Amino acid sequence: MTHKARIVSAVALTTLTLGLTACNDGEDAASAQDSPSASAPASSDPGSKSPSADPSDDAAAPAGGDVAAPGTKFKIGDRAVLPFKYGTAKKGTVAVTVTAIEKGAEADMAPFGEKAKGMTPYYIRMKVENVGGTDLSYASLRLRGKLEGGGPTGVILVGDLPGKCDSETAPRDFTTKGASYETCSLSATKTDPIAVASFEEGDAYSDSPVLWTS
């Protein structure tokens with residue numbers, strides 16, 4: 001799935017509501033006054049009409065390992081079992097394996113326009129597995145990039161870079177135990193390198209995310 005790409009440069013760390021996209025993040029969000037947006041071309045996908053992710057911690061019991069507690073730290077390549085909810089109807093348990101955090105080139109950010117100048121993209125690549133065996137078809141899961149010490153990047157991105165970092169929705173058959181797919185979450189920074197991938201979906205994890213580091 002390719003979202004319409006938008007970018008917000010976070011200067012003041014407050015709540016932002018931008019057009020049809022709402023971002024409410026105590027660390028990464030920025031005020032609308034200090035946070036211009038830019039758009040890039042988007043492609044259509046059946047999953048793009050799915051509701052936005054809204055995970056909670058009361059998902060189905062895991063069937064492939066213990067659920068990772070909030071605040072757990074993993075290494076890149078490790079598999080973390082996590083509760084997951086998408087929209088109001090789809091709920092289950094997934095396993096996420098972050099396979100790489102790759103540094104892109106500043107030129108890759110061209111689709112975001114002039115406001116992306118000076119930003120370096122990072123591609124968080126992951127495998128997502130259906131552990132609980134519930135219907136999670138067309139759901140999407142996103143990880144956030146963090147600086148080495150776990151601090152915010154100061155940039156919020158909505159979308160992906162086709163051919164570089166494609167944010168995929170789960171396929172139609174992501175309904176059975178063991179089904180899996182691969183996807184990518186896009187992050188960017190103007191300062192220090194991004195070295196951490198963060199799962200922050202659900203109340204408990206938003207306060208104390210699960211982290212993957214090198």
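Mentor: Welcome! Two strands count as paired if DSSP finds at least two bridges between them. Keep in mind that this model is predicted.

Trainee: What makes β7 and β8 a pair?

Mentor: Strand β7 (residues 90-103) and strand β8 (residues 120-130) share nine bridges in the antiparallel sense. The rule asks for at least two, so they count as a pair. Within this pairing, Ala95 stands opposite Glu129 in β8.

Trainee: Which strands make up the open sheet, and in what order?

Mentor: The order is β6-β7-β8-β11, with antiparallel pairing in this sheet of four strands. Why are β6 (79-86) and β11 called edge strands? Because each pairs on one side only. From one strand to the next, the twist averages 40°.

Trainee: How do you know that Cys165 and Cys184 form a disulfide?

Mentor: Their sulfur atoms are 1.9 Å apart. The cut-off is within 2.5 Å, so the pair qualifies. A search of the whole structure finds one disulfide. This one links distant parts of the chain: Cys165 sits in the loop between β10 (155-158) and β11 (180-189), while Cys184 is in strand β11, 19 residues apart. Both cysteines, Cys165 and Cys184, are buried, and the link is left-handed, with -100° about the S-S bond.

Trainee: What kinds of residues line the second largest cavity?

Mentor: Nine are nonpolar, one is polar and none is charged. Among them are Phe84, Val94, Ser140 and Tyr181.

Technical notes: Residues are numbered from 1 along each chain as its sequence is written. This is a predicted model: local features need pLDDT of at least 70, side-chain atom pairs count only at pLDDT 80 or more; totals for chains, interfaces and linings use all residues. Side-chain values use heavy atoms; hydrogens and water are left out. On a 1 Å grid over the protein atoms alone, a cavity is a set of points where a 1.4 Å probe fits but cannot get out, and a pocket is an open set with protein on both sides within 12 Å along at least five of seven lines; lining residues have an atom within 4 Å of a point. Ala, Val, Leu, Ile, Met, Phe, Trp, Tyr, Cys and Pro count as nonpolar, Asp, Glu, Lys and Arg as charged, and the others, Gly among them, as polar. Buried means under 20% relative accessible area, exposed over 50%, partly exposed in between (1.4 Å probe, protein chains only). Axes are lines fitted to C-alpha atoms, for helices over the stretch in contact, and angles run from 0 to 180 degrees between N-to-C directions.
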